[in-house]
Amino acid sequence: MAEKRLKKPKKQVNLENITPKEEILQKLGVAIKTTRKKKGFTSSENFAFQMDISRSLFAKYESGSDLRVSTLFRIIEGMGMKVSDFFKAFDA
């Protein structure tokens, strides 16, 4: 019988020492993940493969790591959205 894997606890972010840039990247990562799921892309690994982005790098983007604007635009367009529509939803 296969053993169940325990999930690692999520890394807690110390919000007291977070910079404005880090805060924006955290929010952007949440927006990417939320939008991806809303658009029907349930698997981040499959979506990353479709976008020709490594799975580990895409996971970092969804966790709030820095990314290039061109990569962000490619991700947004890959979800079938206009960049302007993504940022309207991001700002809400």
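# Helices and loops of a predicted model

Visitor: How much of the protein is buried?

Guide: Of the 92 residues in the protein, buried ones make up 27%, where buried means under 20% relative accessible area, exposed means over 50% and partly exposed lies in between, with a 1.4 Å probe and protein chains only. This is a predicted model, in which local features need pLDDT of at least 70 and side-chain atom pairs count only at pLDDT 80 or more, while totals for chains, interfaces and linings use all residues. Residues are numbered from 1 along each chain as its sequence is written, and side-chain values use heavy atoms, with hydrogens and water left out.

Visitor: And the secondary structure, how many helices and strands?

Guide: The protein has five helices and zero strands, so that the pattern along the sequence reads α-α-α-α-α, given that helices (H or I, at least four residues) and strands (E, at least two) are DSSP runs numbered from the N terminus.

Visitor: What share of the contacts comes from residues 24 or more positions apart?

Guide: Taking the contacts in the protein with a separation of 6 or more, 53% of them are accounted for by residues 24 or more positions apart; contact here means heavy atoms within 4.5 Å.

Visitor: On to helix packing. At what angle do α1 and α3 pack?

Guide: The angle between α1 and α3 is about 115 degrees, and their axes are 6 Å apart. Axes are lines fitted to C-alpha atoms, for helices over the stretch in contact, and angles run from 0 to 180 degrees between N-to-C directions. That makes α1 roughly perpendicular to α3, a label used for 65 to 115 degrees, whereas angles under 35 count as roughly parallel, those over 145 as roughly antiparallel and the rest as oblique.

Visitor: Which residues make that contact between α1 and α3?

Guide: On the α1 side the contact is made by Gly29, Val30, Ile32, Lys33 and Arg36, and on the α3 side by Phe58, Tyr61 and Glu62.

Visitor: Then α4 and α5, how do they cross?

Guide: Helix α4, which spans residues 69–78, crosses α5 at roughly 95 degrees, and the two axes come within 9 Å, which makes α4 roughly perpendicular to α5. From α4 the contact draws on Leu72, Phe73, Ile76 and Glu77, and from α5 it draws on Val83, Phe86 and Phe87.

Visitor: Back to α3 for a moment. Where does lysine 60 lie?

Guide: Lysine 60 lies in helix α3, made up of residues 55–62, and it counts as partly exposed because its relative accessibility is 48%.

Visitor: Loops next. What is the phi of aspartate 52?

Guide: Aspartate 52 has a positive phi of about 60 degrees, although it is not a glycine. For background, most residues other than glycine have a negative phi. Aspartate 52 is placed in the loop between α2 (44–50) and α3.

Visitor: Is aspartate 52 buried or exposed?

Guide: Aspartate 52 is exposed, because its relative accessible area is 68%.

Visitor: And glycine 40, where does that lie?

Guide: Glycine 40 lies in the loop between α1 and α2, and with a relative accessibility of 52% it counts as exposed.
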